[in-house]
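Here is a short report on a protein chain, for reading beside the model.

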Amino acid sequence: MVSSVAGAVVVALDGTVLTVAQPRLQRELGATFAEVQWTSTAYLIAVASLLVFAGRLGDRYGHRRVFALGMLGFGAASAGIGLAPGVGWVIGLRVAQGVFGALLQPATLGMLRAAFPPDRLAAPLAARTAAIGLAAAAGPLAGGALVTSLGWRAVFFVNVLPAFAFGLPALLRPERPPAGARTALDVPGAVLLAVALAGLVHSLTARPVSWAGLALAGVAAVLLVRHERRTACPLLPPGVLGPRAVGAALGILVAASASLFGTLFVATYVLQRGLGLDPFSSAVRSLPLAVLMVASAALCPVLLRRFGARGTTAVATALLALGVLVLSRAASAPVFGCGFGLLGAGFGTVMVAATHVVVREADVAVAGVAGGLQQTALNVGPALGVAAASTLLGAGTGPALLVLAAVAGLGVPLARALSGAHGVASVTRTGEDRVRDGVPAGR
């Protein structure tokens, strides 16, 4: 569990500190604004397009082995960026970092699914989400301090030590053959999915939105569906996407993350340009988000036991929407704090509850694919939310936030599909789970 949390924190911390480092990076390397934007876009495209296939690699070759490769590669790429002589090198190494990040992220969830039976997954998922919340809070503050005192390169060297400290032991530790070791990889399906997701993420992050990229993503998606229906060993097995609760949970993750990150984009615009605050003061105003995200994630296992996935997720998405509405009318520090706090409470709970449904419903043999789908939702959602927010800002911050509140509200009706997920998987364990716990599989 410690390795899973550490892997998630390394990736989350890297994403938050980069934003703080980009202005100094642009100035020192003489880069254009478009080149600096590609230091983020290149990573997003690489990671989003490979997450599901990376999960399948973990199912076949072992999640710990893939986790180790991802951690070590991520650390090496980070060190390379810290030594990069030009922005072209930074962009290329960010692509490599995205590839290794894609290997790393589904493996963190796959290791949890393999280590814990379904009825005990909520607590480790809560710890993982809380740690991500802490990283999100510490990232801008630590990144600002490092950039100010040591320069932009320092924020990338921060990843190196933990990546090797957790990657090397995972690589050297023996691992038993995974449950999905004989599963075919479905390379054609992986290529089609990568093209679809890369086209989608690139189109959403481009300014203006690339309609040609969206068309390419749509064609690739249609071909993918056709291929998956015909192949004997699909990349997306029916057992993963088949349950109605899983599709609903993935939709909730997309809607919640789109609303959250779109709102943060607009709120940053308001705080820094509207109110004239510097980046550090803006980060301080948003601290209630991280605090309540950590607290709500820790509380979520109790809520799941008491109210089930449907009730917990419905209330959490409503809180998220309410937080966006509060921020749409915010003008003072206490109101901003209240709005950010509601965002954190809602999103922290949604992250644990929806992820719990996705990972718990998956059999151990396809846990990596399930983890890849969950991570894909959390990569596509923010890109969609920021794209929508940047487009809607032309009509004003108020209308933009009202739309983003409506996006968050989509999670309330979607949560109705989660009702059957509560209590069933917690008492229905696979033969793999029972063998691991010492219970004969035939019982």
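## A buried charged pair

Asp 14 is buried, with a relative accessible area of 1%. Buried means under 20% relative accessible area, exposed over 50%, and partly exposed in between (1.4 Å probe, protein chains only). The side chain of Asp 14 meets that of Arg 94 in a salt bridge, 2.9 Å from N to O. A salt bridge here is a side-chain nitrogen of Lys or Arg within 4 Å of a carboxyl oxygen of Asp or Glu.

Helices are DSSP runs (H or I, at least four residues), and strands are E runs of at least two; both are numbered from the N terminus. This is a predicted model, in which local features need pLDDT of at least 70 and side-chain atom pairs count only at pLDDT 80 or more, while totals for chains, interfaces and linings use all residues. Residues are numbered from 1 along each chain as its sequence is written, and side-chain values use heavy atoms, with hydrogens and water left out.

## The other salt bridge

How many salt bridges does a search of the whole structure find? The search finds 2. Arg 24 also forms one, with Glu 28, and the closest N and O atoms are 3.9 Å apart. These residues are separated by about one helical turn, because they are 4 residues apart in helix α1. Arg 24 is partly exposed at 23% relative accessible area. Glu 28 is partly exposed at 46%.

Val 87 lies in helix α4, which covers residues 87–115. Is Val 87 buried or exposed? Val 87 is buried, with a relative accessible area of 9%. Leaving out residues up to four places away in sequence, Val 87 touches Leu 25, Leu 29, Ala 31, Glu 35 and Thr 39. Contact means heavy atoms within 4.5 Å. Thr 39 is 48 residues from Val 87 along the chain, yet their C-alpha atoms are separated by 8.2 Å.

## Helices α13 and α14

Helix α13 (residues 287–328) packs with helix α14 (residues 333–361) at an angle of about 145 degrees, and their axes are 3 Å apart. The contact residues divide into 28 nonpolar, 13 polar and no charged. Axes are lines fitted to C-alpha atoms, for helices over the stretch in contact, and angles run from 0 to 180 degrees between N-to-C directions.

His 356 is found in helix α14. His 356 is buried, at 7% relative accessible area. Beyond its neighbours within four places in sequence, His 356 is in contact with Pro 118, Leu 121, Ala 122, Leu 125 and Leu 304.

## A nonpolar surface patch

Which residues make the nonpolar surface patch of about 390 Å²? They are Phe 164, Leu 168, Leu 171 and Leu 172. Patches are made of residues with over 30% relative accessible area and no salt bridge; like charges are joined within 9 Å, nonpolar side chains (Val, Leu, Ile, Met, Phe, Trp, Tyr) within 5 Å. Areas come from the Shrake-Rupley method with a 1.4 Å probe, and for residues only the protein chains shown count as cover.

Phe 164 lies in helix α7 (residues 160–172). Phe 164 is partly exposed, at 33% relative accessible area. Not counting residues up to four places away in sequence, Phe 164 touches Leu 72, Gly 75, Ala 76 and Pro 169.

Technical notes
Ala, Val, Leu, Ile, Met, Phe, Trp, Tyr, Cys and Pro count as nonpolar, Asp, Glu, Lys and Arg as charged, and the others, Gly among them, as polar.
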